[in-house]
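Subject: Handing over the model

Hi there,

Here is the structure I promised to pass on to you. Have a look at it first, and then read on for my notes.

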Amino acid sequence: MVRILVFIKRKKLLKDGTAPIYIRVTVSKVSSEFATGKSVNPVQWIAVKGRVKGNTLHNKQLNTFLDQQEYALHDIALQIQQQGKVVTAKEIASRYKGKNTPKVSLISLYVEHNQTLRDLIDITVAKNTYKRHETSLKLVQEFLAYEYHVDDVALTDVDLLMLEKYKHYLMTVRHNNNNTTVKYIRNLGKVLNMAVDRQLISSSPVELLHLKTDEVEKEFLTSEELDRLAKKHFLIERLEQVRDVFLFCCYCGLAYVDVHSLTEQDIVKDGDKYWIRKARHKTNNMCHIPLITPALEILNKYKAHRTATGYMLPVLSNQKMNAYLKEIADIAGISKNLTTHCARHTFATTVTLANNVSIENVSKMLGHKSIRMTQHYARILDTSIAHDMMNVEQRLAHA
């Protein structure tokens, strides 16, 4: 049991005649005491309560301060217990005075976190993951400068109010939508969890923040749109190449980073069938994708590129690909926002599930760990619903 006594030292009066206020923590009859940095006129001190009497503003504030210190000491004792350590008066006092708490700032820890990610690129970390955290770090720095006019803060200063202000900043000043805002705050949360693991802070305030992503319907091409795009003739070679890479991804489900790095070693012939067998860059999960005829035709079209570069297709940067895809959509009369990732959704929905490929097989081809991940891509098409209801109608008619 932790006992806390607040008292004054009447025999050690300060120059102004006030007595210093001390706190004594006792655990299992062993005590540790320390000064609070506050003092009081001995006449006003109520020893039995460990508080100062009087209703002046100064005395009320002093009593509130002493209440907060008691709460803090009990909280420290609880933290020690939750960490599975022995609660002692010495340990409580030491933590209270900050002797065992390194003075680590938020930005310095985030920089360290990102340096670790950078060292692990292409080992256990994808390059894009590192880039996302670099962007998140930059946003946190911009927020601190904008809201508090500082370039860094102590980890212990990061609380729920600061995170709420950061959320407001991202949505109003940076004009991010809800899902993007949640992503950036969760990135910051990983750094704060790192601080918790190191016992630099007791808990992460992100856990107290209400974060919920909105369900977003990702666009995909219908069978008619896919066919129209495939038959469209482009006068500009660059647009034709981008269209072909996009179509290839629609036919096999590869993400941008995986088609960008696709080489001949990733193409395997098994009997009379060609397969893509490649570890996904993002998760390192293996993809096993049989190449259908339209996909093989696109690969054969770029044999010269493969011979010259070692890569199967002429893939531009993701930014350029998405820019050209907008132009391609306009030319092909497609009103949807085409992106490289739209191709992966098209594969999961229009090319496979709409043609009665089981979701289990789609999951394997996409390189997912579970079907639940695949359901994020899957869409139930109106044609599938109509087909199933026709079967119901036929059964009812013959009942």
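Below are my notes, going from the whole chain down to single residues.

A word on the ground rules. This is a predicted model, so local features need pLDDT of at least 70 and side-chain atom pairs count only at pLDDT 80 or more, while totals for chains, interfaces and linings use all residues. Residues are numbered from 1 along each chain as its sequence is written, and side-chain values use heavy atoms, with hydrogens and water left out.

**The whole chain**

Of the 399 residues, 42% count as buried. Buried here means under 20% relative accessible area, exposed means over 50%, and partly exposed is in between, using a 1.4 Å probe and protein chains only. The chain exposes about 23,400 Å², and carbon and sulfur atoms supply 52% of that area; the method is Shrake-Rupley with a 1.4 Å probe, and for residues only the protein chains shown count as cover.

Taking contact as heavy atoms within 4.5 Å, residues 24 or more positions apart account for 55% of the contacts with a separation of 6 or more.

As for charge, there are 56 positive and 41 negative side chains, and the centres of the two sets lie 10 Å apart. Lys and Arg count as positive and Asp and Glu as negative, without His or the chain ends; each charge is placed at NZ of Lys, CZ of Arg, CG of Asp or CD of Glu.

In soluble globular proteins, nonpolar side chains tend to be buried together. I use "nonpolar core" for a set of buried Ala, Val, Leu, Ile, Met, Phe, Trp, Tyr and Cys residues joined through side-chain atoms within 4.5 Å. The largest one has 47 residues, and Leu229, Phe246, Phe248, Ile276 and Leu313 have the most contacts inside it. Elements giving two or more residues to this core include helix 7 (223-231), helix 10 (293-301), helix 12 (318-332) and strand 8 (286-290). Helix 8 provides the largest share, ten residues. A second, separate core holds 30 residues, among them Leu106, Ile107, Phe143 and Val206.

Beyond its neighbours within four places in sequence, Phe246 is in contact with Leu221, Leu229, Leu325, Leu338, Thr339, Cys342 and Ala343. Phe234 sits in the loop between helix 7 and helix 8, yet this residue is buried, with a relative accessible area of 4%. Phe234 and Val196 are 38 residues apart in sequence and 56 Å apart in space, C-alpha to C-alpha.

**Backbone and side-chain notes**

Asp122, with phi near 70°, is in the loop between helix 3 (106-119) and helix 4 (127-147) and counts as exposed at 59% relative accessibility. His149, with phi of about 60°, is in the loop between helix 4 and helix 5 (160-172) and counts as exposed at 69%.

Gln69 belongs to helix 1 (residues 57-82). Is Gln69 buried or exposed? At 12% relative accessibility, Gln69 counts as buried, and its contacts beyond four places in sequence are Ile23 and Tyr96.

Lys53 lies in the loop between strand 5 (51-52) and helix 1 and is partly exposed at 43%. Outside its sequence neighbours up to four places away, Lys53 touches Val43, Gln44, Ile46 and Asn59.

Definitions and conventions:
Helices (H or I, at least four residues) and strands (E, at least two) are DSSP runs, numbered from the N terminus.
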